[in-house]
Amino acid sequence: MIPLRELLKLAFASMGANRFRTTLSMLGVIIGVASVVAIGSVGASGKRIILSELETFGVRTIWVFREWDDQPTKSERGGNWIVNEDLPEILARCPHVARVSPLYDKWNLWASQGSRHKRVRISGVDASYFFIDNESMERGRFLLPADVRLKRKVCVIGSEVWKELYGRMTDPVGKLLDFGYGKFEVIGVLGDKNREFLKSIGSMGGENANDRVVIPYTVYQSKFNQRGIRAIQAEAVRMEDAPAAAEEIKAVLSRRHEGKYKYRSETMKQYIETTESVVGVAWWVALVAAIISLVVGGIGIMNIMTSAVVERIREIGVRKALGAKDRDILVQFLVEAATIATTGGLLGVAFGSGATVAIGAVSRRPVDLSFHFLALGVAVSFATGVFSGLYPAYRAARLDPVEALRYD
């Protein structure tokens with residue numbers, strides 16, 4: 001049995017003797033492996049970015065709204081479809097619900113502090129909202145139940161509101177903010193939330209989360225003359241409980257309002273599953289294209305190895321006449337095929353890594369090279385070489401030494 005080192009020397013010598021043909025046969029493997037590395041790394045990074053932005057809403061979050069019919073009846077038009085008294089009933093009668101908060105939003109109101117002005121979104125919520133929505137605090141505190149119950153004119157502001165109206169060097173806690181409905185005391189600043197990717201793809205979840213002014217929903221109802229609740233944002237006990245929790249909330253609301261209104265729900269679990277599904281489908285489609293390139297590369301390697309067998313029939317005959325066994329010939333040609341493919345795979349890894357870095361630089365988003373896909377690229381190229389070389393190696397091993405020595 002020839003040592004592996006010698007077999008590799010023979011393989012590289014054969015590749016060097018036919019550089020152009022070898023390069024063409026490796027091209028499919030290079031393209032295929034580069035695609036696997038780039039697609040895998042970009043796909044994994046994109047999925048991580050999307051999921052991290054979705055998590056800023058809270059992974060156990062549920063939203064419940066009134067569902068508007070195309071032609072609602074008169075009874076469905078009027079009335080308040082969610083009221084304050086529904087909230088404690090939801091908590092009492094929905095075992096899969098951990099927290100619940102009303103959710104009001106009013107966009108594009110001018111907030112001012114001294115001579116500075118900024119358009120903001122006013123959100124009216126309960127104290128539990130901050131836990132449901134996975135909020136963090138830059139400074140100060142969240143709303144307390146007492147703030148809501150006593151209708152205190154206090155607010156928590158987003159980081160951009162802090163920066164533009166007060167300046168980063170100024171602590172806004174304890175200062176006043178005016179947005180046209182009286183002056184509110186700032187009691188806290190929310191931590192930054194990044195939803196840039198969702199915004200870039202036009203998602204409804206891509207609104208700027210850092211330009212908010214959050215006030216007690218009871219104050220919101222008073223200031224904006226709202227008797228009913230526009231929407232509910234709740235939190236399930238566990239993420240997998242979210243669908244059941246949503247159904248429980250809708251059932252309680254329907255029962256309390258005597259079936260006058262229809263309700264619809266959305267859960268963060270749905271968005272996460274949809275994201276994983278879409279990214280997964282896109283990844284598989286791209287992977288199929290990469291596999292086609294690898295198949296083309298494998299065919300190229302099979303062709304060059306078949307040609308090599310024909311060109312080296314006399315060499316094979318001499319080796320067999322000197323005592324080489326069929327297994328030795330088989331292993332030699334398999335090593336050559338695997339060497340060609342693995343070399344192409346390593347080049348593909350290099351090109352794929354470069355493409356991944358370039359995509360990250362152009363998109364200005366963090367794209368991380370995945371070691372798993374680098375290793376997969378090399379492993380797949382090696383496997384492609386072995387499978388592509390099986391037939392030519394078997395053909396070379398089965399040559400009759402006498403006929404091989406007579407070959408001209």
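The points that follow go from the overall chain to one helix pair and then to the aromatic rings.

1. This is a predicted model, in which local features need pLDDT of at least 70 and side-chain atom pairs count only at pLDDT 80 or more, while totals for chains, interfaces and linings use all residues. Residues are numbered from 1 along each chain as its sequence is written, and side-chain values use heavy atoms, with hydrogens and water left out.

2. The chain holds 15 helices and ten strands, taken as DSSP runs numbered from the N terminus (H or I of at least four residues for helices, E of at least two for strands). Of its 408 residues, 48% are buried, a term that stands for under 20% relative accessible area, with exposed over 50% and partly exposed in between (1.4 Å probe, protein chains only).

3. Helix α11 (residues 268–311) and helix α14 (residues 371–397) have axes that come within 8 Å and cross at roughly 35°; the axes are lines fitted to C-alpha atoms over the stretch in contact, and angles run from 0 to 180 degrees between N-to-C directions. The crossing is right-handed, that is, the near helix is turned clockwise from the far one by less than a right angle.

4. Contact between these helices (heavy atoms within 4.5 Å) involves residues of α11 including Trp283, Leu294 and Met305, and residues of α14 including Phe373, Tyr391 and Arg395. The residues of this contact divide into twelve nonpolar, four polar and one charged, where Ala, Val, Leu, Ile, Met, Phe, Trp, Tyr, Cys and Pro count as nonpolar, Asp, Glu, Lys and Arg as charged, and the others, Gly among them, as polar.

5. Rings of Phe, Tyr and Trp (its six-membered ring) pair if their centres lie within 6.5 Å, and planes under 30 degrees apart count as stacked, over 60 as edge-to-face and the rest as tilted. The count by this rule comes to ten aromatic pairs. Tyr129 and Phe130 have ring centres 5.8 Å apart and planes at 80°, so this pair is edge-to-face; Tyr129 is buried at a relative accessible area of 4%, and Phe130 is buried at 1%.

6. Tyr181 and Phe224 form a tilted pair, 4.5 Å centre to centre with 55° between the planes. Because Tyr181 lies in the loop between β6 (176–178) and β7 (183–190) and Phe224 in the loop between α9 (217–223) and β9 (231–236), the pair ties together parts that are 43 residues apart in sequence. Tyr181 is partly exposed, at 32%, whereas Phe224 is buried, at 10%.
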